[in-house]
Amino acid sequence: MSIPSSLRWLLLPLLALPVASGNSAPAPARMPTTGSTPDAPAAQVAVPTPVAAAAVPAQRSEAALPQTWAGSAWPWQRESTFAQLGRRQDTLLSGVRNATTFEFQVRRDRLAREAELDLSFTPSPSLLPTLSHLRVYLNDALMGVVPISNDQLGRPVQAKLPLDARLIADFNQVRLEFVGHYTDICEEPTHSSLWVNLSSNSTLRLGGQLLAMQDDLANFPLPFFDPRDTARLELPVVFGAAPTLAQQRAGAVMASYFGSLAGWWRQARFPVSFGQLPAQGHAVVLAVNGKFPPVIANHAPVKGPVVELMALPEDPQRKLLLVLGRNDDDLQKAVAAMAAGNALFRGRQVSIDEVKPLAPRKPYDAPNWVRTDRAVRLAELLDYPQQLHANGVSPQPITVNLNLPPDLFIWRNQGIPLNLRYRYTPPFGSDESRLGVAINDQFISSFPLVRRNGKQGLEEIRLPVLAGDAGADDGRLLIPSLKLGDRNQLRFDFNFASVMGSAQRDHCQTVLPPNLQAAIEEDSTIDFSGFHHYMGLPDLSAFALSGFPFSRMADLSETVVLVPATASESQVSLLLNLVGGLGVQTGYPAYGLRLSDDWKQASALDADLLMLGAMPAELRGSDQLSLLIDDQRTRLLNGQSPSPQLAMEQARRGSRAGDPAVTQVAVTADAPFAAIIGLQSPHHAQRSIVSLAASNAADYGLLDDALSDTGKRQAIAGSVAILRSSGIHSQFVGDHYYVGALPWWLLLWYHLADHPALLAVLATVVVLMVAFLFWRVLRWVAAKRLDPGH
């Protein structure tokens, strides 16, 4: 899993004790070095250092793993490619943008003893050897220099460089700087021949020791969740026996809490077992008196809600988080306290005296979503310090993430108010320096960076966001609003035009570039408060990508989960993964979640319904049900789209006219098969049902894999998503139903937009009616004037 830039907020004062992060599992295989072929083998560089480096093969197959290295004897090892550190594409360094930084973090219970950087890069064939080289820094300390020799120009190069593990702390940065020259006279720093391409397959390797942590809840949520660990959170959950509904709810609330910590880019999974401890790793134990699992069979009965930290006697490195109670109510109380009040935890064990909610949540107030009830300062949207600052002749773009509710109604709206304040180093004179603005990689507009009377102040502009073309002469910013989604990125590019030198042979000059600085002011605001909430459902992409409609309430207080009457390990694991995923989306624990195993009781509640397992008998005959799974027999309604590609496009378009079913197919097969189905509640017009249909453990595994994989979630859309071992097939069959509210005139205009002829007739009728009323009023006024007595 890669590290996004949002982790830079962890750049805090380094702790005195250096540690290293990682997973004891083997790292995934690396792809072959870009550009290496049998005719042009990758060159190899041995960087002179105090520690000898092992030889590197010229080529590596896709399945090949690294050979032994200096840290191979350590009990803890970790290998991360640059792609896993946040750069999925190769990085190109040039003469003016000559440095790049990669961040990596380390777990608190790891101590790095050895570190090594395995660089894979391709230098420009026009560089001067010896004069051109790469400098490598670890936490601003120079680790070494990688020279570029004549036989390496234009060819893939492998170079190993040991790093000083004593400098490794919680948050670390590896910075690479390119020093390049293509001529010894009249050199132009912006010349196109000055470049070196860093492969995303370059690898950072760490090795070291495992550190034992004290059994002290003051460190919670360590070691079960460490924000320094960038791998996906995998936290096993152990129940004493098949859990009751209340115990399943306690586990789901616990999973949502850890999911809210994990974040959308890391994700979280919660394997479940009944009574048996997993073979390795930390775990959470949920149990009540009389039903303790064997691992704590000798534990004394508790006298109330208890949260306890315990080390396994045979392996002190492994920790158990015991959440215990006399009964199910105690267990739920302990979980709620763990999620809400763990700042009070200390010692080996805490007893919970009171947990009392004080204020209910409001719709759309999820911490991970942009507020839609008021203007939001950009300072509230920052992921790390200095995010709104840029420097250099060719600075990196400034980006701000905007996570929006998927039902935000922006159709033909007059604009999203964006009050932008920015400052920058004033240019020498009038040039082509500009500030470019884009959203979701779509160019919107640009503004000149000018010098005003020799002084640079704050520039304030108002940028209305309209649906339409992306450019205007009047300085207005036009953002194509229909391209906005639930997860958006606003980007600001400061482009400075600077004269840095000349390459004329008879007139050589060198001008040092100024220290160019630019910043977006933190008090700049963006305002989504004028928008209504209205959306056509079913739309499984909204469920898969943002948890909607369940995430409308961050605490899931308007969500009921219908589970099978008999709990299995795979079903409970899916429940925890699902609710934990909703916590990832909202950033808030599911304190208000309700569980039921009775369809009649659950369907009568005014709540959105999430169903696991078999479809209730009442819904099997519904005309909205496009897929029915009955053990090994499945029945599917197909729409008009003849191919999977067209079906996916229809599922994503979600036309208001719908896609009527034209065929029905039923088959019987003995193989894993699952589906995600969306439909309207039969009892509440504004409520939705999302069914995760599965029959056995293999089927539940398909659902788990699909919902925990960010790539597979992108393929879930429409009214039904079919999950098989070969992949995901989505389609939309039937009509939309709508949730939310609009003013009557906007509602009428929206639903008639696809019927221009009807809209024209309606407009004509309205005009005639208004004209007739005016005519009657004028007749009445004329009659009163001619005959005042009447």
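These are my notebook entries on a few features I looked up in this structure.

**Entry 1: the model**

I am working with a predicted model. I number residues from 1 along the chain, as the sequence is written.

**Entry 2: a nonpolar patch**

I started on the surface. Here Trp744, Trp745, Leu748, Leu762, Val766, Val770 and Phe774 form a nonpolar patch. Together they have about 750 Å² of accessible area. Two elements give two or more residues to this patch: helix H10 (744–752) and helix H11 (756–786). Which helix gives the most to the patch? I found that H11 does, with four residues.

I then picked out Trp744, which lies in helix H10. Is Trp744 buried or exposed? Its relative accessible area is 63%, so I noted Trp744 as exposed, because exposed means over 50%.

Next I looked at helix H1 (residues 245–262) and helix H4 (residues 569–586). Their axes come within 7 Å and cross at roughly 40 degrees. H1 and H4 are therefore oblique to each other. I also wrote down that the crossing of H1 past H4 is right-handed.

**Entry 3: salt bridges**

How many salt bridges does the count come to? I have 29 in my notes, and I followed up a few of them.

The side chains of Arg205 and Glu79 meet in a salt bridge, at 3.1 Å from N to O. Arg205 lies in strand E11 (residues 203–210) and Glu79 in strand E2 (residues 76–81), so this pair ties together parts that are 126 residues apart in sequence. Both Arg205 and Glu79 are buried.

The side chains of Glu177 and Arg135 also meet in a salt bridge, with 2.7 Å from N to O. I found Glu177 in strand E9 (residues 171–179) and Arg135 in strand E6 (residues 133–138), and the pair links distant parts of the chain, 42 residues apart. Glu177 is buried, with a relative accessible area of 14%. Arg135 has 25% relative accessibility, so I put it down as partly exposed.

Arg687 is buried, with a relative accessible area of 11%. I was pleased to find a network here: salt bridges that share partners join Arg552, Glu558, Asp606, Asp608 and Arg687.

**Entry 4: backbone details**

A reminder to myself before this part: most peptide bonds are trans, and most residues other than glycine have a negative phi.

I came across a cis peptide bond that joins Leu222 and Pro223, with omega about -5 degrees. Pro223 is in the loop between E11 and strand E12 (233–234). Another cis peptide bond joins Leu537 and Pro538, and there omega is about 5 degrees. Pro538 lies in the loop between strand E33 (532–537) and helix H3 (540–546).

Then I turned to phi. Thr130 is not a glycine, yet its phi is positive, near 75 degrees. I located Thr130 in the loop between strand E5 (110–123) and E6. At 68% relative accessibility, Thr130 counts as exposed. Asn139 has a positive phi of about 50 degrees, and it is not a glycine either. I found Asn139 in the loop between E6 and strand E7 (141–147).

How values were computed:
Predicted model: local features only at pLDDT ≥ 70, side-chain atom pairs only at ≥ 80, totals over all residues. Heavy atoms only, no water. Patch = residues over 30% accessible without salt bridge, like charges linked within 9 Å, V, L, I, M, F, W, Y side chains within 5 Å. Areas by Shrake-Rupley, 256 points an atom, 1.4 Å probe, with all protein chains shown as cover. Salt bridge = Lys/Arg side-chain N within 4 Å of Asp/Glu carboxyl O. Buried < 20%, exposed > 50% of the residue type's maximum accessible area, 1.4 Å probe, protein only. Axes fitted to C-alpha atoms, helices over the stretch in contact; angles between N-to-C directions. Parallel < 35°, antiparallel > 145°, perpendicular 65-115°, else oblique. Left-handed = near helix turned anticlockwise from the far one by under 90°.
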